[in-house]
Amino acid sequence: MSPDDPPERQEENGTVSENVAIYSGSAIRMSWDGGRNWRQSVLPEDVEAGGNAGAAALAIGDRVAYAVGQVDGELRVYRSVDQGRSWRRTAARAQVGDRMIDAAVRPDGVLVIQAGILAGENPIMFEGLDQGERLREIPVGPGASAVPVPGGYAQSGNQDSSGGWLSPDGITWSYAGPPTIHR
């Protein structure tokens, strides 16, 4: 860590330095400057995404951020276009039950949502159309929990799979199996 890096910051749900969002329940803190300054806002309802300690899943793009989760089994999508100052619920709806939810914004700006992470949850996946106003169901695949890496994007497997996925563009994916270990 160099002297120019923002100081590490300890929050209730983890340590943050370069991250741009922290969330807890319906409260979201956003930073668009690498963690130097933070702004908190609260969603008007308790949106849950399962594995995220009860909080909404966040998907952050260059000019838009989404908070995604479910309320009473119905998927809800909130969108912010003002760096998290305000959040507006979109018209998008889908029945997802109590599945765990992940979400990401692809490099082309499209919101990707996966409800159900493990095979036993019977996963379903959606693309957000019109900045998350409508949802279109798409085949389940990687992308909803992808992270940027040098040369593209990566998404790890989960308890049901080994290996992971790699993509140069966040749209087309190749499976990368685990290495063979010789003893």
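The model is predicted, and local features need pLDDT of at least 70, side-chain atom pairs count only at pLDDT 80 or more, and totals for chains, interfaces and linings use all residues. Residues are numbered from 1 along each chain as its sequence is written, and side-chain values use heavy atoms, with hydrogens and water left out.

Gln70 sits in strand β7 (residues 65–71). Strands are DSSP runs of E with at least two residues, numbered from the N terminus. Buried means under 20% relative accessible area, exposed means over 50%, and partly exposed lies in between (1.4 Å probe, protein chains only). A polar atom of the Gln70 side chain lies 3.2 Å from the backbone nitrogen of Asp72. Neighbours within four places in sequence are left aside for the contacts of Gln70. Its partners then include Asp46, Leu75, Val96 and Ile101. Contact means heavy atoms within 4.5 Å.

A salt bridge is a side-chain nitrogen of Lys or Arg within 4 Å of a carboxyl oxygen of Asp or Glu. Side chains of opposite charge can pair when their charged atoms come close. Arg93 is partly exposed, with a relative accessible area of 34%.

Glu127 and Arg136 form another salt bridge, at 2.3 Å, N to O. Glu127 is buried at 11% relative accessible area, whereas Arg136 is partly exposed at 43%. In a further salt bridge, Asp130 meets Arg134 at 2.8 Å, N to O. Asp130 is partly exposed at 48%, and Arg134 is partly exposed at 45%. Shared partners also join salt bridges into one network of Glu45, Glu74, Arg76, Arg89 and Arg93.

Two strands pair if DSSP finds at least two bridges between them. Gln155 has Trp165 in β16 as its bridge partner. β16 also pairs with β17 (residues 174–176), again antiparallel, over 3 bridges. Here Leu166 is bridged to Ser174 in β17. β16 and β17 form a hairpin with 6 residues between them. In its turn, Gly170 has a positive phi of about 80°.

Terms used:
Helix = DSSP H or I, 4+ residues; strand = E, 2+ residues; numbered from the N terminus. Polar contact = N/O pair within 3.5 Å; in protein donor to acceptor, adjacent residues only side chain to side chain.
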